[in-house]
Amino acid sequence: MMVTPRLLGVLLLFLLLASAHHSHCATPGQRPIEKPRNVCLGILGAGQYDPFSLEETAQCFAKCQRRHQESCNEGSLQSYWLNYEKYLVQNLKHRVDLPFVKAVVQTFSTNTTEDLNFSLKLSEVPRRVMKGENKPPDGVRFPKSFFRDLPGNRSVVQLVLMVLNVGLGTLFKGPRLSLEDGSRVLNNRLVSLSVNKTPVTRLAEPVEITFSHQRQPPNMTFTCVFWDTDKGDWDSKGCSTECQAEKTVCRCDHLTFFALLLRPILDQTTAHILTRISQAACAVSTIFLAFTIVLYTALRLSRQRFKSEDPPKIHVSLSSSLLLLNLAFLINVGSGSGGSSATCWARGAMFHYFLLTTFTWMCLEAFHLYLLAIQVFNTYFRHYFLKLSLVGWGLPALVVIGTGSANSYGLYNIRDQDNRTSLELCWFHEETALHVTVHGYFLVTFLFGAVVLALVAWKICTLSSATAGKQEGQSWKAVFTVLGLSSLVGMTWGLAILTPLGLSTIYVFALLNSLQGVFIFCWFFMLYLPRQSANSSSSGTARVDQAQFSSPE
């Protein structure tokens, strides 16, 4: 049969259409192309706890990051793991050993008459520690009264213990750890404890969970917390924290998911609060220092012999230096890191200079106190106050010039444990210069002032005990005298040495040290505007007190 050209064209067209159709359809036995699965959205795998689903869902611990929030449903994923222990009880899964989760389900009689101890290492499945074994560094202790406090009248219960590694992502971090302050879950490890899928609260004797760790950094604090499912955040209600050298013991009166939070003491929020406290106190102190200078000027104009006395001049020099330091601090903190690098350099140098002049004048106050109260004899110096002024204002200038020539001033960042910035100001950008010209300078002046104050306090107490029977109230006068002198030699600055002890000492240091100007004003006012009865005092304490405004001759 002859094939006409028309028929050949129809056959070719049919073959082309057929091949195009097959190219768009899956061949038999071939899986159709699917969109990538996104388990982290919480839609897929809910309630599925087979090994494949667990492995797939565990990948979200690393995938869920702050910069990729749109790809994760944290609430659904957290619920997935919160319900896992219920699944273990329902499906009689007695042991789980996966890289990211270790769990065990054990049955116990409620008539147990001894404490139950378990080891809780992430590298092994939780196991019971038998009597006579060494106590593990990470573990949990159920007191023998625990089973009697359980709700219901069961003779046996199923106890579920689980250790979960939640990684570095945002899962189980919550709003409390969402701020950029360096807070984190210790070792990214959660410990879950439950009994028979029922809530256990208000235990008469708490459950003890021990977390091992390295020595606590000085700027960090540990807190025992549990996961509050209603808030979706960590909470510490019902838990107490006992910090030891290389471990922390958490005691909680309920069962749920637990963790140990590691947070910087000086986080962004704390730095902000301390800055506001310091700014407010410095502003008040500045006003009182101005009052001190005005009072000195009025007394100088009204009292002829006041012009020749050196002690009030030294007090006013310290007050002026401290006033300028407060102003420099307020300008520096208020301006932050704004402005050019040259402006920041100048602010840092100015702040440094007035800080050193304050340290120096406090040291000179101690030196003058030593001459008047300890050495007493041979204390005449020609042009005494002029020489003190050259030291008080000149020595810090030489230090600042030397430091500035080394280009040590610039932007300074106060950072937390995770190297995140808590506060920025113009100060030092070279650590060696900071340690030598600030920390070392302060330490020398402070130790000298502390030694002199201790000697003077001993002498005042000796004089007070010698005249105790002649006049009443000598002990109180001695105490107030020492407190007043301590404000002049800067003992409140010594609280900086105690700040590593905790956040409370930081707040005390920030408040008391910022109010030094108020203390100086009170001392100056009581010294030079005394009550009439105080002028006629002949006690030993009064004589030492009066020595404060007698020129060394």
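**Cavities, sheet and helices in a predicted model**

Two cavities of 30 Å³ or more are counted in this structure, which is a predicted model. Rolling a probe the size of a water molecule over the atoms shows where empty space is left.

The largest cavity holds about 80 Å³ of space. Its lining consists of N117, F118, K135, P136, G139, V140, R141, E208 and T210. By class, these lining residues divide into three nonpolar, three polar and three charged. Strands β3 (116-119), β5 (139-142) and β9 each supply at least two residues of this lining, and the largest share, three residues, comes from β5.

The strands that contribute to this lining also belong to a sheet. Six strands form an open sheet in the order β4-β3-β5-β9-β13-β12, with antiparallel pairing. At its edges lie β4 (127-129) and β12 (239-243), each of which pairs on one side only. On average, neighbouring strands of the sheet are turned by 25° against each other, direction ignored. Strands of a sheet pair through backbone hydrogen bonds, either parallel or antiparallel.

Strand β9 (residues 207-212) and strand β13 (residues 247-252) run antiparallel and are joined by six bridges. E208, one of the residues lining the largest cavity, has R251 in β13 as its bridge partner.

The second largest cavity contains about 50 Å³ of space. Which residues line the second largest cavity? They are F359, M362, C363, F442, T445, F446, V489 and G490. Six of these lining residues are nonpolar and two are polar, while no charged residue takes part. Helices α8 and α10 (431-466) each supply at least two residues of this lining.

Helix α8 also has a contact with another helix. The axes of α8 (residues 341-375) and α9 (residues 384-405) come within 9 Å and cross at roughly 145°. The crossing in which α8 passes α9 is right-handed. The contact of α8 with α9 has 17 nonpolar and eight polar residues, and no charged residues.

Is E56 buried or exposed? E56 counts as buried because its relative accessibility is 16%, and buried means under 20%. E56 and C40 are 16 residues apart in sequence, and their C-alpha atoms are 8.8 Å apart in space.

Methods:
Residues are numbered from 1 along each chain as its sequence is written. This is a predicted model: local features need pLDDT of at least 70, side-chain atom pairs count only at pLDDT 80 or more; totals for chains, interfaces and linings use all residues. Side-chain values use heavy atoms; hydrogens and water are left out. Axes are lines fitted to C-alpha atoms, for helices over the stretch in contact, and angles run from 0 to 180 degrees between N-to-C directions. Helices (H or I, at least four residues) and strands (E, at least two) are DSSP runs, numbered from the N terminus. A crossing is left-handed if the near helix is turned anticlockwise from the far one by less than a right angle, and right-handed if clockwise. Ala, Val, Leu, Ile, Met, Phe, Trp, Tyr, Cys and Pro count as nonpolar, Asp, Glu, Lys and Arg as charged, and the others, Gly among them, as polar. Buried means under 20% relative accessible area, exposed over 50%, partly exposed in between (1.4 Å probe, protein chains only). Two strands pair if DSSP finds at least two bridges between them. On a 1 Å grid over the protein atoms alone, a cavity is a set of points where a 1.4 Å probe fits but cannot get out, and a pocket is an open set with protein on both sides within 12 Å along at least five of seven lines; lining residues have an atom within 4 Å of a point. Grid points are joined across faces, edges and corners, and a volume is the space filled by probe spheres set on the points.
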